[in-house]
Amino acid sequence: MSTLRSPKSQKAAAKPVNRGQAKNAAARRAKPALPKTEAAGPASGRAVRAAERRKAIVDAALDEFISRGFTATRLDDVAKRAGVAKGTIYLHFKDKEALFQELIRSALVPLIGRLAAPPPPGGSVRAALERFAQTFAEEVISTRRGDIVRLIVAEGARFPSIADFYYREVVSRGMDAMRSMIELGISRGEIRQESLTRFPQIVVAPAIVAVIWHGLFGRHAPLDVVGMLRVHLDLIFGERRAK
């Protein structure tokens, strides 16, 4: 027995199917919805705020470490000074030591490459070391970088892991760069004492003396750091001849 259809139903059944429309409809159903571009805004804003909080924590930690020393500094005080909850610090740093390491990494490590930069083509090794003296005097001695160095000198022996980190990230790089500078000076005939390559510490020793002197005795007897380092270079290269 056949099923009877109304004329209207038969007309609908007989209507040809537009294959292009059917294909586009299927594609629209299968295609995943793209994320809205506005979503990138809040995520970017959160990243900016997180970076700002991290900087505030590092700045506050520097103030606390300098005023109290590493041992006496508490993360509670750092959080209060930074205007964040203590738990926020742990979102960025594992502990107080990791926070101090960040101070070294951000304040001192980038400076090493500039301090011990090789001379430009045609420039002398002595001129490069005089620039080192000038930069060190301006950007380390009486700045917070100098405070960090003095803090490491004062407390590094009690916290070997901090001293190890400082040696690995700052001292060893500086010594390697200074040794390369000395070797270049020897190869050019500017430096006659070849054994100096074994002791690059000799070249930078006055800089460390200047850091310690400024912290302990600077208010009594200010030190002409650049002048002292130039005299030291006279001992290494020989006195400059008047032109």
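## How two helices cross

Helix axes here are lines fitted to C-alpha atoms over the stretch in contact, with angles running from 0 to 180 degrees between N-to-C directions. Helices themselves are DSSP runs (H or I, at least four residues), numbered from the N terminus. This is a predicted model, where local features need pLDDT of at least 70, side-chain atom pairs count only at pLDDT 80 or more, and totals for chains, interfaces and linings use all residues. Residues are numbered from 1 along each chain as its sequence is written, and side-chain values use heavy atoms, leaving out hydrogens and water.

Now for the pair: the axes of H11 (residues 201-217) and H12 (residues 225-237) come within 10 Å and cross at roughly 160°. H11 and H12 are therefore roughly antiparallel (over 145 degrees).

## What sits between H11 and H12

From H11, Ile202, Val203, Pro206, Ala207 and Ala210 meet Val225, Met228, Leu229, His232 and Ile236 of H12, a contact being heavy atoms within 4.5 Å. Sorted by type, the residues of this contact are nine nonpolar, one polar and no charged.

## Around helix H6

Gln101 belongs to H6 (residues 96-107). Gln101 is buried, at 17% relative accessible area (buried is under 20%, with a 1.4 Å probe and protein chains only). Beyond neighbours within four places in sequence, Gln101 is in contact with Ser161 and Phe165.

As for Phe100, setting aside residues up to four places away in sequence, its partners are Phe65, Phe70, Ile148, Leu151, Ile152 and Ile162.

Conventions: Helix = DSSP H or I, 4+ residues; strand = E, 2+ residues; numbered from the N terminus. Buried < 20%, exposed > 50% of the residue type's maximum accessible area, 1.4 Å probe, protein only. Parallel < 35°, antiparallel > 145°, perpendicular 65-115°, else oblique. Nonpolar A, V, L, I, M, F, W, Y, C, P; charged D, E, K, R; others polar.
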